[in-house]
Each structure stands twice: as structure tokens, then as C-alpha cells.
Amino acid sequence: MNPLKTSKMSHFRWVICGLLFLATTINYLDRQVLSLTWKDFIAPEFHWTDANYGKITAYFSVFYAIANLFAGKFIDWMGTKKGYLIAIFVWSVGACLHAGCGWAAMQWEGYDSVAQLGQLTGDAAVTIATVSMYLFLSCRMVLALGEAGNFPAAIKVTAEYFPKKDRAFATSIFNSGASVGALAAPATIPLLARVWGWEMAFIIIGVLGFIWMGLWMWFYEKPHRSRYVNQTELNYIEQDSDIAEVQDRTNIKEEKPIVFWKCFTFRQTWSFIVGKFMTDGVWWFFLFWAPAYFSDVYKYTSDSTMGILLIFTLYLIVTVFSIGGGYLPTYFVEKRGMNPYLGRMRAMLIFACFPLLGLFAQPLGAYSAWWPAILIGLLGAGHQAWSANLYSTIGDMFPKSTIGTITGIGTMAGGLASFAINYSSGEFFDWAASQGKAFSFLGFEGKPAAYMIVFCVCSVAYLVGWCIMKTLVPKYKPIIVE
């Protein structure tokens, strides 16, 4: 008798996937509060320039990158249940701490009230901009330290609860939390900031993480220990292993992890590093700068009705179109008979073409701001589908015991790319604005010309990344731990 059909299968793996989706949504909500409040609420109060904001996002990215290098190993060592709890606790505390930056800046400089800060001029304004920038940056570092654990933990849990053929689809579902968080953010955060102040926006969103911690403590255990996973579902989850090995739940052995430094000796590791480095900065650029872009170029502030609708539409497109990207490799495996890695790389090549639409965002924006919103949305959908499959290549190539470590290493590379693009963009945009008509590119002048150049770089990054990855690992070659 086929052991997969001995009883009706439970489907608890999708509940776990739902929790991963919720955690990723909260993760991106916390990350988006600053990008949706700095231009229209925080900058006037603290006299920030684009360069100030660019430094905050850039150093957040580099600290996030460094934290990821160790977060993946921490998750592998601590385990997904405790490791995930610690990660979300730290980032939720960091999110709430942002609310105290105004009070701390006031105390640091000896003013009587926060309201005085916005009335400062000259050197006093420059000083308060610098002090507040470093206060926010300190909070961002705490946020980054916790958020670094999200993806290593989520990818490891996905490998624990799903067979290889389903991992890209499961990853695309929980990874869509990034776009859902970015979708919900513009509809809620600017309104919270307008009604209760930007400080309460940070606190309210930050508290959501503590609620999630209770759900995780209640529901999560490894599949063979979970009271919600029956034997038939366990057999399905472990179908890539010898089915006889999973009949006895008490006899499942943990795989031996790969020594950290040895991970860098494999081409498969460098393939993942390249994929993340070439593309993560693109996503983070649009995540951090899209609200400012619509404010700078089209004069729609983040709390205006049009500004909210543009950002909402952008991430609605990302959310709707990206989820299906996780199913495409399953189609290639089940219908076309490809191995999981080949099917995944074929799908990633298709998704690498979506960002090319970004080349037309700025030119078509001359007719309507809706064009950039739609095209950047399609670019973002391509990124999320690409990202879901990129993460799944780790499970294809590496043992489950090392998935968190490899995820952290690759995400570190993505964070470094984000640092580079956000820091340079902030400086570049300020410089381009100061040059005005003296600086032009493809018919655009000043800051719009600078946006066009960055859009061009972002649009071609995926195809370049795919070509390098394919060169490093041309065919399916899993790492065997002896």
C-alpha cells in the first residue's frame, strides 16, 4: 500500500506558511514606516535633506547585511522556534524605539519642546538634523539586527515543512508578505501619522510583532513533533527522503551542518550571493524611495489621496502578480519533467525580463504618474517572483541544517548592495537637484534625470545576475554532507 494514501492528509504546513506570511508582512510594515513619514512629517521637524535620509537607509542596509551574516548561523544554532521569537522581539523593540527620537533630540540639544526643533534655522537646524539622523540610525540598527533573522528563519521553516517541488510556491506566498506589507503601509501609516503623529505610527506598527510572537509559540513545532501534522502529511513533506525513514517519527535524525567558512568554498554559495547582490538593492531602492519619487517628481505627498493611491496601486500589482511566480517552477517540474533546479532557473530567466519595464517608467511618466506606478509595480512583481525562486535554490542545493546559514550569507550580500544604491542615490539626488538644467540624461534634467539613471541600472541587474549564476552553477548539483 502507498504510505502517502494511508489516511486523509492534514494541511498544517499551510498554517505555518500563513504565519511566515504574517511575520514577513509585519517585517515590511516596520521597515516602511520611516519611508512613508520622513519626507512629509519627519524632515520638516528635523530639517533633513535627501542625503540625511539616504545615509539612514544606507547604513541600515549595511548593518542589516552584517547582521545577516551571523543571523543565519544563529537560526541554525538556536533552532527556528526560539530563533524566530528572538528575532521578531528585537525588531519590534527597535521599531517602537523610533518614536522616542524627537524627545531624545530635544533633550540632547537642551530645547524645551519638540515643536521648537522645526523652527530652528542656520547652524542650529544643521545640528538638529545631524543629531536626529544618528538617533534614528541607532534605532534602525536595532531594527536591522532583528529583521536579519526573518528570512533565514522563514526559508529554513519552508524547507522543514515543504518538499522541494512546493518550496518556491510556499516561498512566494510568504514572501508576498513583503508586498502586502508595502501595500498596507501607504493606506495606513500616513493616516496614522496625520491623526496621531508619526511617533504613534511607529509604536502601533511595532506592537504587531509582539502579537505574532504569541501565535508562533502556540503553533510551531518541527513537522515530526507537531500534533497538527499527521503521518500522511509528514510522508508528503519528507517525500524527497527515503519514505521508510519517516514512518517512525521518533527516528528522524538531524543533518550535520556545514562548517561556516567551508560554505564559501562552494560555487552554489557564490551563485546565491551573486543573485542576491545583483537584485536585492533594486527592491530596497524602490521600497525606500518610491514615496519620495512621487513627491519629488509629481508633487504627490505620501499623505495625499493621490500619493496613497499611487503607492497602493504599485504594491497591489506586486502582490497580485508575484504569487503566481512561485508556481511556475512546479509546472516545469511536474508537466515538463525538469529537475527542480533547472525548472527554477528557467522561471528566473522569465522573471528577469520583467524589470526591463522599468526603463519606460520615467519616460511614460511625462503623460501620467500612473505609468511609473504600474511599471514599477510590474518590476517589483518580477523581483518578488525572482526572489522566491532564488531562495528556493538553497533548499535544492544544501542540506536543511545549513539553509539558515546560506540564507544569511546571501542576504548579507543583498544588504551591501542596498547600502550602495541607497547611499549613492541620496547623494546623487541632492547633487542633481543642485545642478538643475545643467545636468541632463535622455531628455530629463536635474533630479528626474538622476532617477532615470538609477532606473536604468535597476532594470538590467536581473539579467546580468542570472547570467552569472548560470555560469557558476550550470546544472543541478546538490551539496552532500558526509
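**Close-up views of a predicted model**

**View A. Helix α10 packs against helix α11 (residues 305–322) at about 155°.** The axes of the two helices lie 10 Å apart. The model shown here and in the other views is predicted. Angles over 145° count as roughly antiparallel, so α10 and α11 are roughly antiparallel to each other. From α10, the contact is made by W283, F286, L287, A290, P291 and F294. From α11, it is made by L310, I311, L314, Y315 and V318. The residues of this contact divide into 11 nonpolar, no polar and no charged.

**View B. Helix α2 (residues 50–78) meets helix α10 (residues 267–298).** Their axes come within 11 Å and cross at roughly 170°. This pair, α2 and α10, is therefore roughly antiparallel too. On the α2 side, D50, Y53, G54, T57, F60, S61 and Y64 make the contact. On the α10 side, the residues are W284, F288, W289 and D296. By class, the contact of α2 with α10 divides into six nonpolar, three polar and two charged residues.

**View C. A salt bridge joins E233 and R13.** The closest N and O atoms of the pair are 3.1 Å apart. Side chains of opposite charge can pair when their charged atoms come close. The pair links distant parts of the chain, 220 residues apart. E233 belongs to helix α9 (residues 231–237), and R13 to helix α1 (residues 12–46). A search of the whole structure finds 10 salt bridges.

**View D. Five named residues make a nonpolar surface patch: F89, V207, L208, F210 and I211.** The patch covers about 410 Å². Helix α8 (residues 198–219) gives the most to the patch, with four residues. V207 is a patch residue that lies in helix α8.

Definitions and conventions. Residues numbered from 1 in each chain as written. Predicted model: local features only at pLDDT ≥ 70, side-chain atom pairs only at ≥ 80, totals over all residues. Heavy atoms only, no water. Axes fitted to C-alpha atoms, helices over the stretch in contact; angles between N-to-C directions. Parallel < 35°, antiparallel > 145°, perpendicular 65-115°, else oblique. Contact = heavy atoms within 4.5 Å. Nonpolar A, V, L, I, M, F, W, Y, C, P; charged D, E, K, R; others polar. Patch = residues over 30% accessible without salt bridge, like charges linked within 9 Å, V, L, I, M, F, W, Y side chains within 5 Å. Areas by Shrake-Rupley, 256 points an atom, 1.4 Å probe, with all protein chains shown as cover. Salt bridge = Lys/Arg side-chain N within 4 Å of Asp/Glu carboxyl O.
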